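Thank you all for coming; I would like to take a few minutes to walk through one model with you. Please have the sequence and the coordinates open while I talk.

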Amino acid sequence: MPKKTSVSRKPRAPRPDFKSLFESAPGLYLVLAPDLTIVAASDAYLNATMTRREAILGRGVFDVFPDNPHDTEATGVANLRSSLERVLETKRTDAMAVQKYDIRRPDSAGGGFEERYWSPVNSPVFDESGGLAYIIHRVEDVTEFVRLKRQGAEQHEATEALRSRAGQMEAEVYRRAQEIQEVNAKLRGLHDELERRVQQRTDELRKSEEQLRQAQKMESIGRLAGGVAHDFNNLLSVILTYSEVLGKGLPPTDPRGADLREIRKAGERAASLTRQLLAFSRQQVLEPRIINLNEVIPGIDQMLRRLIGEDIDVATILAEGLGSVRADPGQLEQVLMN
């Protein structure tokens, strides 16, 4: 019988414990939520800041690390807050200048604050949807470097004056850097406010210009309509007057009397149109009254037939039992003519 062969399988590697890896990393790391509460910290960071993990997790970063109350020129909190807000707004890494940010000593170490200098970098961390999930606050403690520079200046007496001047220049550069940060923050705020106000004024101006154009257009149309209506009304007065004079001079049996009556009816309807134009131009008020539509329509039927010509047949169908309406007769006749 053939021999059975056995296949050896390599043991599966254990899944790495990323939490332990992060906490034991040699760098000084602090992880912040978007609301700037502390969610994680490396052991190296805890040692450098003399804090305990259980005492800082879940608390706001500025509650755990306030400014030194005895340093009236302390700017650590303000500068760090500005940098973190820039990361939240731009979603980009923000590297800060060297900061003097004193650390509070625990009671077991005598309390008070210890002078410290840091070189911070704040970097965004995004979730799967591209939203900002965390901010990694990474720092390097450069306190010893600053102190060594001070000691080196004191050890060389021959160059004391020069080193003193260099120290003054360094302090001046540091102070100017802080001032520049403050000015930049104010300028950004003023720039945003200026853009907002300019956009608001632009929108208001555009709206006002559109309203002005509409008002001017309606005013021009109203003046034109009023002028035409007045001139047309004068002509109608002549037509109505002469048709009345001619009608009085004809005997009742004269067939021309019917034509004169139609002329007068047309003149009266035209006069109704002028009233509409004057109403549109706000020079005459409409006179609505209770009317029956079945009485208005036949009055204009004959004029419609003459206007449209013989090649078009006009049929008027009136509804029985139609109720009355409150309207201006001239307006209704104008609707039918249109």
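This is a predicted model: local features need pLDDT of at least 70, side-chain atom pairs count only at pLDDT 80 or more; totals for chains, interfaces and linings use all residues.

The protein has ten helices and ten strands, and of its 338 residues, 28% count as buried. If we take the contacts with a separation of 6 or more, 55% of them are made by residues 24 or more positions apart. The exposed surface comes to about 24,100 Å², and carbon and sulfur atoms supply 56% of that area.

Let me turn to the interior. In soluble globular proteins, nonpolar side chains tend to be buried together. Here the largest nonpolar core holds 26 residues, and those touching the most other members are Leu30, Ile38, Val61, Phe62 and Phe65. Which elements give two or more residues to this core? They are strand S1, at 28-32, strand S2, at 38-41, the helices H2, H4 and H5, and strand S8, at 132-141.

Setting aside its neighbours within four places in sequence, Phe65 is in contact with Leu30, Ile38, Tyr45, Thr49, Thr51, Val77, Tyr101 and Ile103. Two of the residues on that list, Leu30 and Ile38, have already come up among the core members that touch the most others.

Thr49, also on the list, is found in helix H2, which covers residues 43-49. Is Thr49 buried or exposed? At 1% relative accessibility, Thr49 counts as buried, and, not counting residues up to four places away in sequence, Thr49 touches Phe65, Ile103, Arg104 and Trp118. Ile103 is therefore a contact of Thr49 as well as of Phe65, if we read the two lists with the contact limit of 4.5 Å in mind.

Now to the aromatic rings. A pair of aromatic rings is described by the distance of the centres and the angle of the planes. A search of the whole structure finds two such pairs. One of them joins Phe22 and Tyr29, with 6.4 Å from centre to centre and 50 degrees between the planes, and that geometry is classed as tilted. Both partners are partly exposed, Phe22 with a relative accessible area of 25% and Tyr29 at 26%.

The other pair is formed by Tyr45 and Phe65, whose centres are 6.0 Å apart and whose planes stand at 80 degrees, making the pair edge-to-face. Tyr45 lies in helix H2, whereas Phe65 sits in the loop between helix H4, at 61-64, and H5, so the pair ties together parts that are 20 residues apart in sequence.

That brings me to helix H5 itself. H5 runs over residues 76-90, and at 1.5 Å a residue its 15 residues should span 21 Å, which agrees with the 21 Å between its end C-alpha atoms. Its buried residues are Gly76, Val77, Asn79, Leu80, Ser83, Leu84 and Val87, and Val77 is one of the contacts of Phe65. After H5 comes Lys91, which has a positive phi, near 60 degrees.

Finally, the charged side chains. How many salt bridges does the structure hold? The structure holds 18, and I will pick out a few. Glu54 pairs with Arg52, with the closest N and O atoms 2.8 Å apart, and Glu54 is exposed, at a relative accessible area of 61%. Glu114 and Arg105 meet at 3.8 Å, N to O; Glu114 is partly exposed at 21%, and Arg105 is partly exposed at 25%.

In helix H7, which covers residues 160-248, Asp203 and Arg206 are three residues apart and so are separated by about one helical turn. Their side chains meet in a salt bridge of 3.2 Å, N to O, with Asp203 partly exposed at 35% and Arg206 partly exposed at 48%.

Methods. Residues are numbered from 1 along each chain as its sequence is written. Side-chain values use heavy atoms; hydrogens and water are left out. Helices (H or I, at least four residues) and strands (E, at least two) are DSSP runs, numbered from the N terminus. The expected span of a helix is 1.5 Å times one less than its number of residues. Buried means under 20% relative accessible area, exposed over 50%, partly exposed in between (1.4 Å probe, protein chains only). Rings of Phe, Tyr and Trp (its six-membered ring) pair if their centres lie within 6.5 Å; planes under 30 degrees apart count as stacked, over 60 as edge-to-face and the rest as tilted. A salt bridge is a side-chain nitrogen of Lys or Arg within 4 Å of a carboxyl oxygen of Asp or Glu. Accessible areas come from the Shrake-Rupley method with a 1.4 Å probe; for residues, only the protein chains shown count as cover. A nonpolar core is a set of buried Ala, Val, Leu, Ile, Met, Phe, Trp, Tyr and Cys residues joined through side-chain atoms within 4.5 Å.
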